Amino acid sequence: MPHQGEILQEAIKNSGISITRIVDELGITRPTIYRKFKDDTLDYGFVKRVGEIIGHDFSSDFTSLQQSVLPFAVNSVTNSVTNSPVKPVLHRSVTSPTVDPDIAKQLMQLQQKYIALLEAYNDLLLKVYGPR
């Protein structure tokens with residue numbers, strides 16, 4: 001099974017868009033992207049930016065097991081009835097995934113909206129306060 005870096009590399013290759021154009025738009029060097037191709041897991045924001053450049057949606061390319069290592073924030077949640085902490089249950093079984101695909105898709109969409117909101121907030125901060 002290919003890891004995330006290999007999936008990214010294959011999608012870029014199939015897009016027909018040059019590595020030079022991609023690294024220019026990302027603001028990174030060629031060696032950096034080639035190192036990313038060797039990584040087992042990649043940062044969600046990086047993958048999303050590459051997807052926007054090449055016009056590719058990576059959400060269906062990564063399995064639910066691979067997506068579980070993407071930076072989801074799972075902190076303590078409180079049960080509204082008993083006010084007791086609810087512990088998150090993580091299923092990482094390769095043989096029998098128990099995550100409903102619709103729920104996983106909704107979670108990915110919420111994560112994308114959250115990241116887009118954070119990026120917009122960062123852009124606003126840059127406009128107001130300027131770069132460091």
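This is a conversation about how terms are applied to a predicted model.

Colleague: What makes a feature of this model count?

Modeller: The model is predicted, with local features needing pLDDT of at least 70 and side-chain atom pairs counting only at pLDDT 80 or more, while totals for chains, interfaces and linings use all residues. Residues are numbered from 1 along each chain as its sequence is written, and side-chain values use heavy atoms, leaving out hydrogens and water.

Colleague: What is the average pLDDT of the protein, and where is the pLDDT below 50?

Modeller: On pLDDT, the predictor's confidence in each residue from 0 to 100, the protein averages 76, and 70% of the residues score at least 70. Residues 64–80 are below 50, although this stretch has 37 contacts in the model beyond near neighbours in sequence, a contact being heavy atoms within 4.5 Å. Residues 89–96 are also below 50, with five such contacts.

Colleague: Why are helices H2 and H3 called roughly perpendicular?

Modeller: The axes of H2 (residues 19–26) and H3 (residues 30–38) come within 9 Å and cross at roughly 100°. Angles of 65 to 115 degrees count as roughly perpendicular, under 35 as roughly parallel, over 145 as roughly antiparallel and the rest as oblique, and therefore H2 is roughly perpendicular to H3. The contact is made by Ile19, Thr20, Ile22, Val23 and Leu26 of H2 together with Arg30, Ile33, Tyr34 and Phe37 of H3.

Colleague: Why does histidine 3 count as buried?

Modeller: Buried means under 20% relative accessible area, exposed over 50%, and partly exposed in between, with a 1.4 Å probe and protein chains only; histidine 3 has 18% relative accessibility and therefore counts as buried. Histidine 3 is found in the segment before helix H1 (4–15).

Colleague: Which backbone atoms does the side chain of histidine 3 reach?

Modeller: The side chain of histidine 3 reaches the backbone nitrogen of glycine 5 at 3.2 Å, and a polar atom of that side chain lies 2.9 Å from the backbone oxygen of aspartate 39.

Colleague: Why is aspartate 57 called partly exposed?

Modeller: Aspartate 57 has 49% relative accessibility, so it counts as partly exposed. Aspartate 57 lies in the loop between helix H4 (44–54) and helix H5 (64–67).

Colleague: What joins the side chains of aspartate 57 and serine 59?

Modeller: A polar contact of 3.0 Å joins them, where the term means a pair of N or O atoms within 3.5 Å, one able to donate a hydrogen and the other to accept it within protein, and residues adjacent in sequence counting only if both atoms are side-chain atoms.

Technical notes. Axes are lines fitted to C-alpha atoms, for helices over the stretch in contact, and angles run from 0 to 180 degrees between N-to-C directions. Helices (H or I, at least four residues) and strands (E, at least two) are DSSP runs, numbered from the N terminus.
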